[in-house]
Amino acid sequence: MDDPYQNNINQQGETYPTYGGGEYTYPYQADYPPQEEEDAASDVTEGHDEDEQMYEGEYQGIPHPDEIKEARRAARREARMKARMAAEVEEETLPEQYESIMEDCGHGRFQWTLFTVLGLALMADGVECFVVSFALPSAEKDMCLSNADKGMLGLIVYVGMMIGAVLWGSLADKLGRRQCLLYALAINCIFSFLSCFAQGYGIFIFLRLCSGIGIGGSVPIVYTYFAEFLQMDKRGEHLSWLCLFWMLGGLYASFTAWGIIPHYGWGFSMGTEFQFHSWRVFVLVCFLPSVAALAGLVFMPESPRFLLETARHDEAWMILKQVHDTNWRAKGEPERVFHVSQIKTPQTQDDEFIEIQSETGTAFQRFMVRHMTLVKQVMKNMLSLAAPDIRLHGLFIAIVWFTMAFSYYGLGAWFPDQIKYLQFEEYESNVKIFHREKVERFHFNFTLQNQVHKEGQYIHDRYIYLFIYKIRNVKFEESLFENCYFEDIRSTDTFFENCTLKNTVFYNTDLWEDSKFINCKLENTTFLHPKKGCHLNFQEENDILIYLVSFLGSLSVLPGNILACLLMDKIGRLKIIGGSMLGSAGCTFFVFLCFSQWAVVLFHCLFFAASAAAWNGIEVITVELYPASKRATAFGVLNGTCKLAAIISTFTFGKFIGITKIIPIILSLSALVCGGLLAFKLPETREVILQ
């Protein structure tokens with residue numbers, strides 16, 4: 001019987017392996033599917049050792065089924081491993097990729113345009129810190145403010161800025177840097193404008209509070225926003241240059257106050273109910289930087305780093321391409337192509353705002369869910385600042401912020417008050433005393449100033465047109481006025497005490513019976529067309545020296561700012577902060593030796609110059625310490641801490657004016673030394689990529 005498995009030979013002598021028996025035998029083709037049995041073997045290899053056994057398909061290059069299965073399993077394992085590795089690497093490499101993208105985009109026209117717009121917003125913050133303090137001496141006359149009211153009005157701006165810093169800084173990490181800054185500046189513009197026309201104390205203080213809440217968001221958002229458009233080697237220097245705009249805000253406020261407020265006649269009035277004097281013109285002018293910043297910000301894009309954190313990759317890519325094309329086109333290389341095609345995604349992202357998808361959900365329900373979700377996200381982000389990995393450094397930087405602000409704002413308010421006190425002492429020492437003088441039929445048409453008249457007799461005298469020359473700081477005690485005539489009188493701190501007035505006429509004067517005459521006997525005395533209102537008791541010079549001091553103090557910041565800009569990326573943030581704070585402490589110590597007005601002015605300027613570099617370093621390192629998802633929140637909380645320190649120090653230091661200067665100096669000196677030494681415990685971030 002023929003072997004059914006024998007090889008057939010064709011006519012040409014070629015052999016084919018056959019399968020089957022009898023007449024149904026057929027040749028085995030190479031493309032026939034391999035056998036499924038795992039132990040299948042050809043007769044050729046039968047009887048060989050296991051190691052030498054060879055699958056017959058190898059002759060035709062066909063892999064063994066076991067090898068195919070194992071290769072598939074290995075491929076699946078490798079794919080899963082690569083997916084896990086990719087997920088881990090993406091979170092680590094997003095900052096590096098973003099840094100390389102910013103390097104590819106370069107530094108040019110786009111950054112300088114954004115620098116100018118954000119600088120105006122920072123300038124508006126600097127102006128806000130000075131507005132009330134400059135306007136207060138005039139506002140207290142228009143609004144009849146008590147000492148308690150004046151103190152509250154001086155602090156309310158810092159309260160608003162503290163609330164605004166925390167509020168807008170936290171929202172900027174969820175709603176976007178640009179959007180929140182637009183809201184903040186718009187609120188500041190609206191309420192600043194309205195406060196110019198507020199006549200009552202209550203409405204005025206409310207409007208200034210709202211204005212402070214608006215502008216309080218500028219500092220934390222501006223630095224966060226601008227830093228995310230800068231590459232690592234440019235970040236420290238250009239953030240420091242941005243600080244110059246805060247100095248410009250102080251100069252702008254001082255210069256405009258100096259030029260506007262002393263001109264009390266600038267403005268108009270509508271009866272006694274509505275007064276719009278020069279200090280209101282000053283407040284109106286001071287909101288112009290905020291308006292300019294708001295207008296410019298409309299044309300600026302959102303931070304692409306924020307968009308990446310919220311999974312808005314297409315928008316981020318478009319903005320990065322805009323930055324790239326704007327810069328290289330301005331440099332004369334429009335042909336350069338933006339090569340980035342894919343941007344990494346953060347591993348974990350917060351969910352987008354939850355919308356009610358059900359058709360039965362009302363608009364109110366959707367509104368509540370959306371905003372409650374936002375509140376929860378904001379609170380969660382704020383609590384995450386206490387996470388173990390950033391808790392210690394966060395505590396250190398908070399202490400540095402607090403100590404620096406405590407000394408800076410406290411002494412910043414104490415220096416002008418101390419100068420006023422020294423002025424008052426000098427003025428009191430030069431008072432002229434007239435005793436038992438007798439003046440008859442005399443025409444007073446010149447200024448009477450800093451005088452005390454005791455037991456005098458004034459008979460048939462005329463006091464006319466003293467609205468030009470005025471009566472300032474004059475006191476009549478136990479004097480007699482008989483048949484005298486007062487017309488068009490304007491006075492400041494002028495009183496009649498225990499005097500007798502007979503047959504005397506007061507026509508169109510601000511010397512009214514209710515408040516200017518203390519225990520006086522008025523016999524046949526007439527008051528015709530009296531000018532009533534506390535706004536009339538106003539000293540026109542309005543402390544010109546104080547404006548000059550503030551102007552010089554703001555200008556003295558310039559050398560410290562320039563020095564910080566040049567050295568920030570060369571010697572590091574920590575040496576800038578620590579050295580500047582310790583240098584400021586040295587300037588504070590020498591204030592003990594100040595016994596004259598100009599000595600106080602000198603050390604006021606030296607202190608501001610020494611402390612400027614510390615502020616630059618603190619703001620730069622705050623941006624660099626925190627990741628993008630927490631950066632604005634952390635900056636807002638720390639800036640709120642700064643404003644809290646300002647409130648405490650200005651209130652505390654003001655209590656010691658005219659009593660002692662030892663306690664304010666010791667408190668400031670101690671705070672600066674502690675903060676300066678603690679600054680060296682912070683991590684150096686000079687060569688750290690923004691996380």
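## A look around the predicted model

Asparagine 508 sits in the loop between β19 (505-507) and α16 (513-516). Helices (H or I, at least four residues) and strands (E, at least two) are DSSP runs, numbered from the N terminus. This is a predicted model, where local features need pLDDT of at least 70 and side-chain atom pairs count only at pLDDT 80 or more, while totals for chains, interfaces and linings use all residues. Residues are numbered from 1 along each chain as its sequence is written, and side-chain values use heavy atoms, with hydrogens and water left out.

Phi of asparagine 508 is near 55°, a positive value in a residue other than glycine. Most residues other than glycine have a negative phi. Asparagine 524 also has a positive phi, of about 55°, and it lies in the loop between β21 (521-523) and β22 (526-528). As for burial, buried means under 20% relative accessible area, exposed over 50%, and partly exposed in between (1.4 Å probe, protein chains only). Asparagine 508 is partly exposed at 22%, whereas asparagine 524 counts as exposed at 59%.

Next, the strands around β13 (residues 471-477). Two strands pair if DSSP finds at least two bridges between them.

| Partner of β13 | Bridges | Residues standing opposite |
|---|---|---|
| β10 (residues 448-454) | six bridges | valine 452 and lysine 475 |
| β16 (residues 491-492) | two bridges | arginine 472 and threonine 492 |

Now for the nonpolar cores, each a set of buried Ala, Val, Leu, Ile, Met, Phe, Trp, Tyr and Cys residues joined through side-chain atoms within 4.5 Å. The largest has 148 residues, and Leu118, Tyr223, Leu242, Phe282, Leu297, Tyr408 and Tyr409 touch the most other members. Helix α2 (residues 109-142) gives the most to this core, with 18 residues. Apart from it lies another core, of 18 residues, among them Phe444, Phe496, Cys499 and Phe506.

Leaving aside neighbours within four places in sequence, phenylalanine 282 is in contact (heavy atoms within 4.5 Å) with Val131, Phe134, Ala135, Ala253, Thr256, Ala257, Ile260 and Ile261.

Last stop, helix α3 (residues 147-175). The expected span of a helix is 1.5 Å times one less than its number of residues. For the 29 residues of α3 that gives 42 Å, and the end C-alpha atoms are 42 Å apart, which agrees. Still, α3 has a kink of about 30° centred on leucine 155, the bend being the angle between axes fitted to the seven residues ending there and the seven starting there. Glycine 176 follows α3, with a positive phi near 120°.
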